[in-house]
Amino acid sequence: VSTTSPCGLAIGQTYQGGIIFYLDPSGCHGLISSSADQSSGIQWDNGSFFATNATFNGVKAGQSNTRLIVDAQGSGSYAAQLCNDLITYTNDGLFEDWYLPSRSELYLMRQNIGQGNALGLGNVGSFSGNSYWNSTEGGTTNAGTLDFSNGTQNFFIQKNLIRYVRAVRAF
């Protein structure tokens, strides 16, 4: 991994409990993927079909979406709650601000540190070749996924189906 930012950071670098997959234009702030999947099979919702209004997309939009989903769905075992509950501790510190990525954030993860290999780094995130949930809701009964093997995005997967989950956080 080459370091090109003025802050000594690079995409693909291990940092603050995960792997950098996006740097903003300053090169000093960006997004980190957790080092491993949080689940290889969990549903998007908490067993009830209703709109959570988690329709934001873009960089850092997953943070707002996750808050909306958790507030609407409450406690339980589902994708956004799993990310929201994640706590990691490394030599860099304690990190409790993980969230389910937005559609755009998940796409950047696949492209930069997954099978998309747009930067020539390979699958440094060790992603499976399966579909991962994103936090961008498609409607009352569906939400979005991204297939890491071929890059196919699907916006209308039923929320009660089982998919992989990988948490992200901003720095």
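The link of Cys 7 and Cys 28 is right-handed, with 75° about the S-S bond. This pair forms a disulfide, with the sulfur atoms 1.7 Å apart, a disulfide being a pair of cysteine sulfur atoms within 2.5 Å. The model is predicted, so local features need pLDDT of at least 70 and side-chain atom pairs count only at pLDDT 80 or more, whereas totals for chains, interfaces and linings use all residues. Residues are numbered from 1 along each chain as its sequence is written, and side-chain values use heavy atoms, without hydrogens and water.

**Disulfide and cysteines**

- One disulfide is found in a search of the whole structure.
- Distant parts of the chain are linked by the pair: Cys 7 lies in the segment before strand S1 (14-15) and Cys 28 in the loop between S2 and strand S3 (30-34), 21 residues apart. Strands (E, at least two residues) are DSSP runs, numbered from the N terminus.
- Cys 7 counts as partly exposed because its relative accessibility is 40%, and Cys 28 does so at 23%; partly exposed lies between buried (under 20% relative accessible area) and exposed (over 50%), with a 1.4 Å probe and protein chains only.
- Cys 83 is buried, at a relative accessible area of 0%.

Conventions
Helix = DSSP H or I, 4+ residues; strand = E, 2+ residues; numbered from the N terminus.
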